[in-house]
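Please have the sequence and the model open while reading.

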Amino acid sequence: MSSILDYDTVALDEQEPALVIIDQTLLPGEIKLLHLTKQNEIWEAIRTLRVRGAPAIGVAAAIGLYLAAREIETEERAAFLDALHMAAEYLNSARPTAVNLSWALARMERAARDFQGNVAACKERLRWECQAIWAEDIDVCRRLGENGLTLVKPGAGLLTHCNAGQLATVRYGTATAPMYLGQQRGYHFRVYCDETRPLLQGARLTSFELSSAGIDTTLICDNMAASVMKKGLIDAVFVGCDRVAANGDAANKIGTLGVAILAKRFGIPFYVVAPSSTIDLNTPTGEEIIIEERDGDEICEMWYEQRMAPAGIKTWNPAFDVTDHDLIDAIVTEYGVARAPYDVSLREIFAKKEAARK
Ligand code: MRU
């Protein structure tokens, strides 16, 4: 193994069996694989961002639910489905904003409910389904890359926020997929990564994985985005997302809204890259998206040798914000590039998805 990109971010080890993840809390200093088998370990890994990023969380939860199914002892179908549902609800409670978590768990439960064989065979069916979700994630990210690449020219300066890279998916990433593909095709992109306070996914993860791939990568603090834009260094912004509402409002890592407002100010196209598993037509607008709030210690203490804020200071630490659809120039999906009005174009994307299934 020579680079972080040689590792799968998340995978099922069928021999053990176990969920295998890279512990992202240790990056970039240490690459450590964790083999998780127990439900509370998997819940904790999602909650504490050992595995993170909307698609990766979904894949991890699907594998987690397969492992939970193996532990269910009853041979009786209804009791098995009830126990499976309880396990799914538990994993789903780990984080609220990324829809991929509930999407993957619902897909696994549906596979079990629709399966007509006995409980032992149903467990095999679930193994197959979580592996299918894993493999589809790779294929989807590759297609996101192809579609995203149509929006930019060789030599472009690109800005991204947080980590919507390989470490947030099984491979390639979402917002970074056009960057990796461009690299393979000699596009020579210059990529600027926001550090992304407070958990520094841009500094610790995105700048690490992009530079490992040989991409021209520059790390900036979040409050420098306006300056690189004003200097004319940015031709397009690509970000990932955790949930896209039916009207095109998109929840992503806190700070994304600010980047979108800046991009509008400087006339720079702002693209959200979203696998269809991140688009939630059941959520009408961004207003209804639940935004995770995290411990204030992440702002005051984490990463510092000594506490950097007065003891007892009030904090507010939302992990995500919602970018209004009118700030988004396009939503790049694996079924094509959707543009405003999103209430129409996102439904067309789902119609294409449905047609491809038949
Ligand atoms: O809190 P995180 O690190 O899970 O947040 C991740 C993001 O906001 C990503 O941009 C998003 O999940 C898209 S990942 C392809």
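The model is predicted, so local features need pLDDT of at least 70 and side-chain atom pairs count only at pLDDT 80 or more, while totals for chains, interfaces and linings use all residues. Residues are numbered from 1 along each chain as its sequence is written, and side-chain values use heavy atoms, with hydrogens and water left out.

**Helix α4**

- Helices (H or I, at least four residues) and strands (E, at least two) are DSSP runs numbered from the N terminus.
- Helix α4 covers residues 99-114, which is 16 residues.
- From first C-alpha to last, α4 reaches 22 Å, close to the 22 Å expected at 1.5 Å a residue; the expected span is 1.5 Å times one less than the number of residues.
- Buried means under 20% relative accessible area, exposed over 50%, and partly exposed in between, with a 1.4 Å probe and protein chains only.
- The buried residues of α4 are V99, N100, L101, A104, L105, R107, M108, E109, A111 and A112.
- The cover over these buried residues includes the helices α1 (39-47), α2 (54-71), α3 (77-92) and α5 (119-149). It also includes the strands β8 (243-245) and β11 (279-280).

**Packing of α2 against α3**

- On the α2 side the contact (heavy atoms within 4.5 Å) is made by A61, G64, L65, A68 and A69. On the α3 side it is made by F80, L84, A87, A88 and L91.
- By class, this contact has 9 nonpolar residues, 1 polar and no charged ones. Ala, Val, Leu, Ile, Met, Phe, Trp, Tyr, Cys and Pro count as nonpolar, Asp, Glu, Lys and Arg as charged, and the others, Gly among them, as polar.

**Cysteines**

- A search of the whole structure finds 0 disulfides, a disulfide being a pair of cysteine sulfur atoms within 2.5 Å.
- C130 is in no disulfide, and the nearest cysteine sulfur, that of C122, is 12 Å away. C130 is buried, at a relative accessible area of 0%.
- The sulfur of C141 is too far for a bond from the closest cysteine sulfur, in C241, at 12 Å. C141 is buried, at 1% relative accessible area.

**Backbone geometry**

- The E16 to P17 peptide bond is cis, with omega near -20 degrees. P17 is in the loop between β1 (10-13) and β2 (18-22).
- A340 and P341 are also joined by a cis peptide bond, with omega about 0 degrees. P341 is in the loop between β14 (336-338) and α11 (342-357).
- L49, a residue other than glycine, has a positive phi near 70 degrees. L49 is in the loop between α1 and α2 and is buried, with a relative accessible area of 7%.
- H188, a residue other than glycine, has a positive phi near 50 degrees. H188 is in the loop between α6 (177-184) and β5 (190-194) and is exposed, with a relative accessible area of 62%.

**Surroundings of Q201**

- Q201 is in helix α7 (residues 201-212) and counts as buried at 2% relative accessibility.
- Leaving aside neighbours within four places in sequence, Q201 is in contact with L49, R52, C162, N163, E195, T196, T206 and K253.
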